[in-house]
Amino acid sequence: MQEVSPIFDNNKIPVKKLWQVIIASSVGTVIEWYDFYIFGSLSAIISLSFFPKDDPTAAFLSTLAAFGAGFVARPFGGILFGRLGDKIGRKYTFLLTLLLMGGSTFAIALIPSYSEIGLVAPAILLLLRIIQGLALGGEYGGAATYVAEYAPDAQRGKYTAYIQTTATLGFFVSIVVILVCQNLMGDATFKDWGWRVPFALSGILVIVSYFIRRNMHESPLFSKLKQEGRLSENPLKEAFSTKANRRLMLIAMFGAIVGQGVVWHTGQFYAQIFINKILKVDFTTTNLIIAASLVVGTPLFVVFGSLSDRVGRKKIMLGGMALAAIFYYPLFAWMSDIVDQEGTLINDAYQLTMKGKIELAFICTCLVTFASMAYGPIAAFLVELFPTKIRYTSLSVPYHFANGIFGGCAPFVATWLGAVTHSNFSGIFYPIALSAMTVIVGVLYLPETKGRALMD
């Protein structure tokens with residue numbers, strides 16, 4: 001395929017061309033997030049298929065641990081695919097990650113249950129989950145870098161924020177697919193084998209996305225470096241061998257990404273677990289509440305990304321984390337009070353009045369708002385922070401390490417803390433502490449990157 005001209009001004013790119021880039025990147029990224037998060041959305045159900053049923057709490061925690069394993073694998077995917085992205089190109093790398101993610105998700109639908117093959121079932125599940133994590137470790141950095149290297153300097157926060165919506169959209173799509181399948185099949189059938197259908201659908205979605213992405217051009221800035229013979233020979237070595245770049249990665253991690261990771265996952269995934277597993281609201285109502293909050297909250301990622309083009313990335317990101325640290329405890333306590341006051345216990349699950357559902361949806365929308373502030377501008381910030389020739393690697397390693405280890409494991413850690421302390425609220429202190437720490441580090445050390453030109 002013909003490469004773009006090395007003479008390229010991202011500030012003069014036609015809006016139509018820019019939207020083609022965003023749509024082609026976003027469609028695949030939404031599907032990858034759908035694949036990654038369908039596991040979390042169904043964790044309460046699949047735990048009984050792949051682990052012994054005699055201890056449901058242990059089975060659920062084991063499933064969350066497998067869910068977390070995908071996050072632990074993400075930084076290794078960032079290292080592997082970041083290197084490939086800086087050496088062979090952004091486009092071809094995230095074509096590969098798309099196929100890996102889709103294939104492993106589809107394969108989960110085919111794993112026999114624990115009752116059929118014993119411990120081999122959770123072992124296969126864990127392996128496929130790790131492959132998902134590796135693939136996602138390469139996907140996000142590629143998509144964010146690709147879009148940012150096309151976007152105008154003065155509007156980079158706005159346009160990269162559309163990539164930021166893909167994680168929440170993927171989560172939303174996973175919830176919608178689950179609810180539709182559950183409604184069509186009935187609750188008993190869905191819990192027995194119907195949960196496999198949302199995983200199987202990934203195969204179709206990935207094929208569609210692959211044909212969209214294969215017609216994309218390579219990133220113009222990467223093409224320019226390639227034609228000038230200035231590509232990095234060893235991106236990973238260059239990213240870590242330079243003291244200044246190591247410092248930037250550490251500042252990005254502990255001054256922005258750790259807090260962003262826990263705020264995003266707490267505001268969406270742990271909120272879902274808290275309502276369904278801890279407060280014992282029925283599964284369908286919980287997912288409808290979360291879905292409603294995502295519908296309202298998702299556009300805010302673009303709102304705050306655009307606002308960061310005017311007032312700066314740092315203020316908005318740290319503002320979202322600070323609000324989370326301050327308001328998490330009262331908001332989660334409020335959710336508990338609502339269920340106590342507006343819920344009726346039927347068959348071991350609380351059925352809520354309409355007033356209770358609306359109040360919970362409002363609280364969850366507040367949680368998504370904090371996440372959108374922390375997450376909306378961060379792609380633009382990270383891309384602007386690092387040099388072009390090692391950008392993919394330098395961005396991916398700290399992003400996926402912090403998001404994978406601290407953020408992705410937040411639902412497991414918070415749920416585990418609640419289980420061992422027998423308290424509904426002890427788990428929430430994990431994201432509160434990490435958010436507060438990130439705000440302090442960010443205020444002291446985080447640079448402002450708004451408006452920087454990307455070509456070195």
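1. Is Ser 306 buried or exposed? In this predicted model, Ser 306 has a relative accessible area of 16%, which is under the 20% cut-off, and therefore counts as buried. The residue belongs to helix 15, which spans residues 299-311, and, leaving aside residues up to four places away in sequence, Ser 306 touches Gly 157 and Lys 158.

2. The next point concerns a pair of helices. Helix 1 (residues 15-41) and helix 10 (residues 202-213) have axes that come within 9 Å and cross at roughly 160°. Because angles over 145 degrees count as roughly antiparallel, helix 1 is described as roughly antiparallel to helix 10. The crossing of helix 1 past helix 10 is left-handed.

3. On the side of helix 1, the contact is made by Ala 24, Ser 25, Val 27, Gly 28, Thr 29, Ile 31, Glu 32, Tyr 34 and Asp 35, while helix 10 contributes Ser 202, Leu 205, Val 206, Ser 209, Ile 212 and Arg 213. Sorted by class, the contact of helix 1 with helix 10 consists of seven nonpolar, five polar and three charged residues.

4. The last point concerns cysteines. A disulfide is a covalent bond between the sulfur atoms of two cysteines. Across the whole structure, a search finds zero disulfides. Cys 366 is in no disulfide, and the nearest cysteine sulfur, which belongs to Cys 364, is 9.1 Å away. Cys 181, for its part, is buried, with a relative accessible area of 9%.

Technical notes: Residues are numbered from 1 along each chain as its sequence is written. This is a predicted model: local features need pLDDT of at least 70, side-chain atom pairs count only at pLDDT 80 or more; totals for chains, interfaces and linings use all residues. Side-chain values use heavy atoms; hydrogens and water are left out. Axes are lines fitted to C-alpha atoms, for helices over the stretch in contact, and angles run from 0 to 180 degrees between N-to-C directions. Helices (H or I, at least four residues) and strands (E, at least two) are DSSP runs, numbered from the N terminus. Angles under 35 degrees count as roughly parallel, over 145 as roughly antiparallel, 65 to 115 as roughly perpendicular and the rest as oblique. A crossing is left-handed if the near helix is turned anticlockwise from the far one by less than a right angle, and right-handed if clockwise. Contact means heavy atoms within 4.5 Å. Ala, Val, Leu, Ile, Met, Phe, Trp, Tyr, Cys and Pro count as nonpolar, Asp, Glu, Lys and Arg as charged, and the others, Gly among them, as polar. Buried means under 20% relative accessible area, exposed over 50%, partly exposed in between (1.4 Å probe, protein chains only). A disulfide is a pair of cysteine sulfur atoms within 2.5 Å.
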